[in-house]
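Hi,

Here is the structure I said I'd send over. Have a look at it first, and then read on for my notes on the aromatic side chains.

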Amino acid sequence: MVARVALVGAGPGDPGLITVRGLELLRKADVVVTDFLVDVRLKQLIPKHVEIVDVGKRPGKTSFSQDAINRELIRLSRSHELVVRLKGGDPFLFGRGGEEVDALLGADIAVEVVPGITSALAGPMFAGVPVTHRGLADGYIVITGHRHADAPLDYDWSALVNSGLTIVVLMGVAHRGVIAKALVDAGMDTATSVTAIESVTWAQERCLRTTVGQLADIEIASPAVIVIGKTAGVDLGWRRSLPLAGWSIHLLRPFDVGDELAVGLRDFGATVVQAPAIEIRDPSDGGLALKAALREIDGYDWLVFTSKNGVERTLNEIADLRTLAGTKIACIGSGTRSALERHRVGCDLMPTEFVGESLVASFPEGSGRVLFPRARVAREVVPEGLTAKGWSVDVVEAYQVHIPEPMVTPDLAAALDVTVFTAASTVDGYRAQYPEVKPKRAVAIGPVTADRLRGVGIDQIHVAQEYSVQGLTELLSWLASSPADS
């Protein structure tokens, strides 16, 4: 075994901004050592079996010293083949990555360094501020607004002012007044433009525009990037061209890297927080009932699916899908049908409305057998309705729905612009995770989910016209374009 440590730049926050190489290493890691400023959305890309060690430094709180982090990386490398050190932004830009590499090489440990997109560039870019622009600035400089042990910021301020370069300040919120005074004392015009971007690409991102003369007086929260100079007054506003620009959307269904809804919402410019209110677990009997039923699949006339989880859990148990040749398939919803199609299995019956009642209404009368793999706890509309039509229905547990610990704080959950409920179970999970929170806007995939929301006291609800991912995306785009909720 050749042990190695990879220092991977996590980028500014948005998981879509990590490099391809960084993501490859993250998925192959045996253990991941993270910073505090690594977005929770990026941590979701780490496989569940991988150990995560948090060594983040938090302002005003006891935390790992740099020497302690170095020792921890060396210790972990002795017992793991691949240790990934996941660092916010870029490892070598105020990330103390050089100190970690030096310590690792000194201990004869193999090291790889993967660059990351720094917030020093991503922040201005997402705010529509070019750090260089013809006729305004031919270059930029990045400085820190906080030095080790609170050492003074003794830059050559006159040289900075006279250079005409765009000045990008990281970790400068606490000393923004000191920085502004030093620049003005060195000859900078108090009317010089400033753009400050809080929590770059995170759900809490906020952009503030001011001047050097007023910088000390405006409220800015850490972490923030402060851009000073002529280009800071430019507002290209490219994000406003996207229909969901500026909207933060909370998705509650189980995390999936390629989630069609999450990808579509990001394509439309939204900041998507995938913080599940439910997670899917193995059935309570380990799948014994499902396996037993599938051994007799040729004795069933119909196989019914009401979720993609039921599809995946069932079809993954069938070694040869040709055994389904004599069984018809019924499903609810375009997402469920897409899951079937990924396995090259067709759907013989899908109601126009994606609810159990519509499936029952469209199902033929009969006297044969129906196999219905589903969650351990679910509505009885389908089995009771099909039984009433003469069918013998075998309900088997394909999976369980579990409520995990919340991934975002109650304050953040309440602040997000939209909370999307994709099943009645997500309502139950959300209420368990956030008993006191009422979402700003509740969006339900269909009437069953909407009824559950009303049952827990959330009555300002928007319901998709089509009970599907496409329907949700269209509804959210309509809400974003409306002057007020209606």
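This is a predicted model: local features need pLDDT of at least 70, side-chain atom pairs count only at pLDDT 80 or more; totals for chains, interfaces and linings use all residues.

Let's start with a charge on a ring: the charged end of Arg 369 sits over the ring of Tyr 300, 4.1 Å from its centre.

Now the ring pairs. Searching the whole structure turns up six aromatic pairs. One of them is Phe 363 with Trp 391, an edge-to-face pair with 5.6 Å from centre to centre and 85 degrees between the planes. Phe 363 is in the loop between helix H12 (356-362) and strand E16 (369-375), while Trp 391 is in the loop between helix H13 (381-388) and strand E17 (392-402), so this pair ties together parts that are 28 residues apart in sequence. Phe 363 is buried at 2% relative accessible area, and Trp 391 also counts as buried, at 9%.

Then there's Tyr 430 with Tyr 434: their ring centres are 5.2 Å apart and the planes are at 55 degrees, so that pair is tilted. Tyr 430 is buried, with a relative accessible area of 0%, and Tyr 434 is buried too, at 1%.

Back to Phe 363 and Trp 391 for a moment: ring pairs link them with Trp 302 into a cluster.

On the surface, Met 125, Leu 236 and Trp 238 make up a nonpolar patch, together about 330 Å² of accessible area. Trp 238 is in the loop between strand E10 (224-228) and strand E11 (248-251), and is partly exposed at 36% relative accessible area.

Cheers

Note on methods: Residues are numbered from 1 along each chain as its sequence is written. Side-chain values use heavy atoms; hydrogens and water are left out. Patches are made of residues with over 30% relative accessible area and no salt bridge: like charges are joined within 9 Å, nonpolar side chains (Val, Leu, Ile, Met, Phe, Trp, Tyr) within 5 Å. Accessible areas come from the Shrake-Rupley method with a 1.4 Å probe; for residues, only the protein chains shown count as cover. A salt bridge is a side-chain nitrogen of Lys or Arg within 4 Å of a carboxyl oxygen of Asp or Glu. Helices (H or I, at least four residues) and strands (E, at least two) are DSSP runs, numbered from the N terminus. Buried means under 20% relative accessible area, exposed over 50%, partly exposed in between (1.4 Å probe, protein chains only). Rings of Phe, Tyr and Trp (its six-membered ring) pair if their centres lie within 6.5 Å; planes under 30 degrees apart count as stacked, over 60 as edge-to-face and the rest as tilted. A charge sits over a ring if NZ of Lys or CZ of Arg is within 6 Å of the ring centre and within 35 degrees of the ring normal.
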